[in-house]
Amino acid sequence: MPDLFTIRDAREDDLPTLNAYNYQEGMDAFPSVENIRVAVNADGDIVGYLRLAFSPEGVAHVNPVVTYPTWRGFGVGRALMEEALARHGELRFVARGASVGFYERLGYRRIPWEDVCLDVAEDCRICQLVDECNPVPMGKKLGE
């Protein structure tokens, strides 16, 4: 299925689309396209994206990964996660509870909250949807 889309760095002209997706998902707007990779279809339309934040130790934290609803089930989220893991060697993130099974199938495991970058974990602490979301910290190193 990777032939259905390609992954590239986000560009400044992608920002309005990314922020519209964020709004639909109940998230804040991105101030810039720094550390964002996008999946685009053959028409150049964004069908998913992944943004990374880095801990003071340099560990990559996914914050967030989003697949456009009509593209779910086509491997977009998986491809974005696999590419980020290959590029950075380790990924950590906080999964929405309903997504934990998806990430476990990709080989991610639950990790302690203290292993998640404070800035990423703080998003969950202040989120109004935390009870509905049921967040779970997860991580994986390349080769696990």
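How many nonpolar, polar and charged residues does the lining of the largest pocket have? In this predicted model, the lining comprises 25 nonpolar, nine polar and eight charged residues. The space in the largest pocket amounts to about 1400 Å³. The pocket is lined by 42 residues, of which Met27, Pro64, Val65, Val66 and Arg96 are the closest to its centre. Two or more lining residues are contributed by each of the elements β4 (60–67), α2, β5 (90–95), α3 (100–105), α4 (118–126) and α5 (130–133). The largest share of the lining comes from β4, which gives six residues.

Helix α2, one of the elements that line the pocket, covers residues 76–88. The buried residues of α2 are Val76, Gly77, Ala79, Leu80, Met81, Glu83, Ala84 and Leu85. In an α-helix there are 3.6 residues a turn, so residues three or four places apart point the same way. After α2 comes Gly89, which has a positive phi, near 80°.

Arg11 lies in the loop between β1 (5–9) and α1 (15–24). With a relative accessible area of 44%, Arg11 is classed as partly exposed, because this value falls between the cut-offs of 20% for buried and 50% for exposed residues. The C-alpha atoms of Arg11 and Glu34 are 8.8 Å apart in space, while the two residues are 23 residues apart in sequence.

Technical notes: Residues numbered from 1 in each chain as written. Predicted model: local features only at pLDDT ≥ 70, side-chain atom pairs only at ≥ 80, totals over all residues. Heavy atoms only, no water. Helix = DSSP H or I, 4+ residues; strand = E, 2+ residues; numbered from the N terminus. Expected span 1.5 Å × (residues − 1). Buried < 20%, exposed > 50% of the residue type's maximum accessible area, 1.4 Å probe, protein only. 1 Å grid on protein atoms, 1.4 Å probe; cavity = no way out; pocket = protein on both sides within 12 Å on 5 of 7 lines; lining within 4 Å. Points joined across faces, edges and corners; volume = space filled by probe spheres on them. Nonpolar A, V, L, I, M, F, W, Y, C, P; charged D, E, K, R; others polar.
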